Amino acid sequence: MLDSPSTPRTPRRGAPRTLWEKVRSPLPPVENGGPPIRNTRHPLGVRITAAVLGLAGLILGPIGYLNAVAADASSAAEWYTLGVGAAVGLPLLAAAITTVAGDRTAARWSLALLLWPIAYITAIHLLAAV
């Protein structure tokens with residue numbers, strides 16, 4: 001068991017360790033700076049999930065914010081929280097899912113959706129001022 005090829009030998013006490021022995025880790029090569037491995041774990045399903053979360057953030061964010069602007073002082077805070085939470089939280093969740101799945105393109109698009117609250121909040125306040 002001790003001489004199996006998968007079990008590294010322990011160097012003698014006081015023996016110098018090589019650089020490879022110092023930096024070696026049990027992580028797979030892609031996480032250790034090796035060449036990237038193509039995502040083969042249902043990439044279409046990951047993108048569909050990110051698209052559904054992104055679309056929900058695009059729709060629910062402005063709806064919550066409009067309800068907050070129209071609400072009275074007792075319930076406006078809840079609507080602001082729901083609107084901004086949907087517009088920011090759902091794209092961040094989509095970015096986290098796509099990052100874990102290894103889909104960098106979908107993660108970038110999910111993070112780009114974080115600009116959407118700036119656009120719709122500005123538009124709502126400009127239209128309300130007119």
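Mentor: What follows is a short chat about a predicted model.

Trainee: Start with Thr98. Where does Thr98 lie?
Mentor: Thr98 lies in helix H3, which covers residues 76–101.

Trainee: And is Thr98 buried or exposed?
Mentor: Buried, because its relative accessible area is 0% and the cut-off for buried is under 20%.

Trainee: What does Thr98 touch, leaving out residues up to four places away in sequence?
Mentor: Val46, Ala50, Asp103, Ala106, Ala107 and Ser110.

Trainee: Now Tyr80. Which helix is that in?
Mentor: Tyr80 is in helix H3.

Trainee: Which residues is Tyr80 in contact with, beyond its neighbours within four places?
Mentor: Tyr65, Ala68, Val69 and Gly85.

Trainee: How far apart are Tyr80 and Ile63?
Mentor: In sequence, 17 residues; in space, 9.9 Å from C-alpha to C-alpha.

Trainee: Different topic. Which residues does the UniProt "transmembrane region" annotation cover?
Mentor: According to the unreviewed UniProt entry, residues 44–67, 79–102 and 109–128.

Trainee: What does the model show for residues 79–102?
Mentor: That span is 96% helix and 0% strand, and its end C-alpha atoms lie 34 Å apart.

Trainee: And what about residues 109–128?
Mentor: There the span is 85% helix and 0% strand, with 30 Å between the end C-alpha atoms.

How values were computed:
Residues are numbered from 1 along each chain as its sequence is written. This is a predicted model: local features need pLDDT of at least 70, side-chain atom pairs count only at pLDDT 80 or more; totals for chains, interfaces and linings use all residues. Side-chain values use heavy atoms; hydrogens and water are left out. Helices (H or I, at least four residues) and strands (E, at least two) are DSSP runs, numbered from the N terminus. Buried means under 20% relative accessible area, exposed over 50%, partly exposed in between (1.4 Å probe, protein chains only). Contact means heavy atoms within 4.5 Å. UniProt positions are given in the numbering used here, feature names are shortened, and annotations may be inferred rather than shown by experiment.
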